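Subject: Structure for you to look at

Hello,

Here is the structure I said I would pass on. Please open it first, then read the notes below with it on screen.

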Amino acid sequence: MHAALITKVKGEPVRFRQLEYFVAVARERHFARAAAEWNVSQPALSAAINLLERELNVSLINRGHAFEGLTPEGERLVIWAKRILAEHDAFKAEVQAVQSGVTGVLRLGIVPKASTRVRRLRSPSLC
């Protein structure tokens with residue numbers, strides 16, 4: 001699966017950036033603040049969310065002169081979007097860890113009589 005592609009709806013890809021913008025609007029409850037968070041213009045952020053709504057064929061945000069809340073579909077999508085973005089971040093971190101070399105946690109189980117030997121292994125001169 002392409003990194004920028006989550007799913008296809010009506011042949012159009014839903015992009016991570018659209019979900020990030022949507023989550024920011026849901027969190028901030030304000031388009032301009034969400035746009036400032038992402039260092040984009042408010043019209044660009046609104047256009048990305050409008051495209052998301054067209055791709056999903058559903059209204060996600062109740063709009064008036066200002067943000068008036070999420071629609072029921074928007075409430076459900078924000079939960080999914082947070083999960084998707086968290087998984088995306090975890091995947092990127094895992095790829096980076098693999099590329100950087102050996103990673104992981106080493107756990108030792110010892111019997112009490114061996115604890116003095118283990119202390120020597122942990123000495124700074126051996127690190």
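A residue is called buried when its relative accessible area is under 20%, exposed when it is over 50%, and partly exposed in between. Trp38 has a relative accessibility of 26%, so Trp38 counts as partly exposed. Please keep in mind throughout that this is a predicted model.

The overall picture

The protein chain has 127 residues, and buried residues make up 29% of them. Its secondary structure comes to five helices and four strands. Starting at the N terminus, the order of the elements is β-β-α-α-α-β-β-α-α. If you take the contacts between residues at least 6 apart in sequence, 44% join residues that are at least 24 apart.

The aromatic pairs

How many aromatic pairs does a search of the whole structure find? The search gives two. One of these aromatic pairs is formed by Tyr21 and Trp38, and it is edge-to-face, with 5.9 Å from centre to centre and 65 degrees between the planes. Tyr21 belongs to helix α1 (residues 16–28), while Trp38 is in the loop between α2 (31–37) and α3 (42–56), so the pair ties together parts that are 17 residues apart in sequence.

Helices α1 and α4

Two packed helices are described by the angle between their axes and the distance between the axes. Here the axes of α1 and α4 come within 9 Å and cross at roughly 125 degrees. Angles that are not roughly parallel, antiparallel or perpendicular count as oblique, and that makes α1 oblique to α4. The crossing of these helices, α1 and α4, is left-handed. On the α1 side, the contact is made by Phe16, Leu19, Glu20, Phe22, Val23 and Ala26. On the α4 side, the residues include Gly74, Leu77, Ala81, Ile84 and His88.

Ile84 is found in helix α4, which covers residues 72–100. The C-alpha atoms of Ile84 and Leu19 are separated by 8.7 Å, although these residues are 65 apart along the chain. Ile84 has 26% relative accessibility and therefore counts as partly exposed.

One last item concerns a charge and a ring. Arg83 lies over the face of Trp80, at 5.0 Å from the ring centre.

Regards

Terms used:
Residues numbered from 1 in each chain as written. Predicted model: local features only at pLDDT ≥ 70, side-chain atom pairs only at ≥ 80, totals over all residues. Heavy atoms only, no water. Helix = DSSP H or I, 4+ residues; strand = E, 2+ residues; numbered from the N terminus. Buried < 20%, exposed > 50% of the residue type's maximum accessible area, 1.4 Å probe, protein only. Phe/Tyr/Trp six-rings, centres within 6.5 Å; stacked < 30°, edge-to-face > 60°. Lys NZ or Arg CZ within 6 Å of the ring centre and 35° of its normal. Axes fitted to C-alpha atoms, helices over the stretch in contact; angles between N-to-C directions. Parallel < 35°, antiparallel > 145°, perpendicular 65-115°, else oblique. Left-handed = near helix turned anticlockwise from the far one by under 90°. Contact = heavy atoms within 4.5 Å.
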